[in-house]
Amino acid sequence: MSITTTVHLNFQDQARAALEFYQSVFGGQLSAFTYAESGRVEHPADADRLTWGEVRADNGFHVMAYDVRESQSYDRGDRPFFVSVRGTDADEVTAYWKGLSQGGTVVEDLGPAGWSPLYGMVADRFGVTWVLDVAVEYNAG
């Protein structure tokens, strides 16, 4: 038996736009369902919000997202999570970095780090903080 873990992002009225943006950066297939499409509208403001969405790409990228219902509290908070993207190809990681940086804020410039030849952190235009690095083998000390 095997398992996978997938980052599931919570938004308020931005889930579709965020998923479309991530698809433009990483590629893949976007799937999305609104509360109206799933017959789960509790408040008129929820109708066009996403009750479920994802981007899944052949390169292994997978992220899920939804919009919090009108009746539920929503507070993005300060640094509630980071999304980590690790790859073995520096050019590929750099391309993702450039894509996510568009309209975002660089937290740590993309460059060498003690554990990786290429590492950086960026908060995208939706406020999601991404950590990108090139994975290398290292010996535990």
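Where does aspartate 13 lie? Hi everyone, let's start there. Aspartate 13 is in the loop between β1 (7-11) and α1 (15-26); helices here are DSSP runs of H or I with at least four residues, strands are runs of E with at least two, and both are numbered from the N terminus.

A quick word on the ground rules. This is a predicted model, where local features need pLDDT of at least 70 and side-chain atom pairs count only at pLDDT 80 or more, while totals for chains, interfaces and linings use all residues. Residues are numbered from 1 along each chain as its sequence is written, and side-chain values use heavy atoms, with hydrogens and water left out.

Aspartate 13 has a positive phi of about 70 degrees, although it is not a glycine. For context, most residues other than glycine have a negative phi.

Aspartate 13 also has a partner: its side chain meets that of arginine 49 in a salt bridge, at 2.5 Å from N to O. By salt bridge I mean a side-chain nitrogen of Lys or Arg within 4 Å of a carboxyl oxygen of Asp or Glu. The pair links distant parts of the chain, since arginine 49 sits in the loop between β2 and β3, 36 residues apart from aspartate 13. Arginine 49 is buried, with a relative accessible area of 5%; buried is under 20%, exposed is over 50%, and partly exposed is in between, using a 1.4 Å probe and protein chains only.

How many salt bridges does the structure hold? There are six. Let me show you two others. Aspartate 133 pairs with arginine 86, the closest N and O atoms being 3.0 Å apart. Aspartate 133 is in strand β8 (residues 129-134) and arginine 86 in strand β5, so this pair ties together parts that are 47 residues apart in sequence. Aspartate 133 is buried at 4% relative accessibility, whereas arginine 86 is partly exposed at 47%. And salt bridges that share partners join Asp13, Asp46, Arg49 and Glu70 into one network.

Then there is glutamate 54 with arginine 56, at 3.6 Å between the closest N and O atoms. Glutamate 54 is buried, at 12%, and arginine 56 is partly exposed, at 46%.

Now please look at tyrosine 35, in the loop between β2 (29-34) and β3 (50-56). Tyrosine 35 counts as buried because its relative accessibility is 1%. Leaving aside residues up to four places away in sequence, tyrosine 35 touches several residues, including Asp46, Arg49, Tyr66 and Arg69; contact means heavy atoms within 4.5 Å.

Next stop, serine 101, in helix α2 (residues 90-101). Serine 101 is buried, at 19% relative accessibility. A polar atom of its side chain lies 2.7 Å from the backbone oxygen of tryptophan 97.

Finally, the largest pocket. Its lining has 18 residues, and Gly60, Phe61, His62, Ser84 and Val85 lie nearest its centre. Which strand gives the most to that lining? β5 does, with six residues.

That's my tour, thank you!

Technical notes
A polar contact is a pair of N or O atoms within 3.5 Å; within protein, one must be able to donate a hydrogen and the other to accept it, and residues adjacent in sequence count only if both atoms are side-chain atoms. On a 1 Å grid over the protein atoms alone, a cavity is a set of points where a 1.4 Å probe fits but cannot get out, and a pocket is an open set with protein on both sides within 12 Å along at least five of seven lines; lining residues have an atom within 4 Å of a point.
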